[in-house]
Amino acid sequence: MQTLVQLCVEATVRFHRELETALLQDLPANLRHRILRLMCRRGLVTNENAGQLFHPDTISLDLVECRIGDEAVAKISNCHRLSHLNLNGTVHERTLVSSQVIESVAFGCPCLMFVSLSSCTHITDSVVVTLSKRCPKLEGLDISGCKLLTCASLEALGKNSFSLKHIRFSRTEISDEGVLSLTIGVCSRTLQEIVMEKCERITDVAIEAVASSCPNLTILNFEGCSLTTDHSRDILSNLQTLSKLKQVSWTIY
């Protein structure tokens, strides 16, 4: 049986279009958080109502189901305690979100730990550079499908992101050079997961560098990287430094 609070949250979400802006903004933070989470899950957050829903104490935002653009994303920069942000374009590409606005989020949300920007097709290296410099607690970053990114993004992470554990950059133009920057960078010993599926510029050189320099890696996925060969498989079979590896996936061409 639902509690009175749950019933109130459900009713508020159902009739949110009829409610006055001031009513939502005056609710206690815990209720606003419940309402926001449910509206995110149902894809009801929009450019028009984001300002009413986001608040400085918001800690987590999962906006995968929501069709939003710069107007809504800009409001996220006011969530100064935000630690988890998911803007993945799983349902649809984020063609309406610009690089400049996500940079402003990085400036306004220094507590970010996990950021997912998969298929935000307009973001550039400046976003990742800003995240690496402004968010010292960054542990996880998903930039898969962000075609405008270059090796400069991984170079910035290797230089600045001491806490980075999880990095995903599948379906990008990043090459061996970027991966090498990670393996000689400040996060080489903290990295636990590297996923770089269908990166057409990744070769055995990158795989060897990861295998020899990232001793705490537990997940390595380079499936669909067409320039890798049997040599990568041999590297993974022979090196003892990857004793913690639990999941590995690749395609040999």
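I take a contact to mean heavy atoms within 4.5 Å. With that cut-off I looked at contacts in the protein chain between residues at least 6 apart in sequence: 73% of them join residues at least 24 apart.

**Source.** The model is predicted, so I note that local features need pLDDT of at least 70 and side-chain atom pairs pLDDT 80 or more, while totals for chains, interfaces and linings use all residues. Residues are numbered from 1 along each chain as its sequence is written, and side-chain values use heavy atoms, with hydrogens and water left out.

**Overall.** I counted 11 helices and eight strands in the protein chain. These are DSSP runs numbered from the N terminus (helices H or I, at least four residues; strands E, at least two). The chain has 253 residues, and 51% count as buried. I use buried for under 20% relative accessible area, exposed for over 50%, and partly exposed in between (1.4 Å probe, protein chains only). The chain exposes about 12,000 Å², with 52% supplied by carbon and sulfur atoms. The areas are Shrake-Rupley values with a 1.4 Å probe.

**Ser 175.** I found Ser 175 in the loop between β5 (166–168) and α9 (176–183). Its relative accessible area is 9%, so Ser 175 is buried. Beyond neighbours within four places in sequence, Ser 175 contacts Cys 151, Arg 201 and Ile 202.

**Cysteines.** I looked for disulfides (cysteine sulfur pairs within 2.5 Å). There are zero. For Cys 40, the closest cysteine sulfur is in Cys 66, 4.9 Å away and too far for a bond. Cys 40 is buried at 4% relative accessibility. For Cys 225, the closest cysteine sulfur is in Cys 199, at 5.1 Å, again too far for a bond. Cys 225 is buried too, at 0%.
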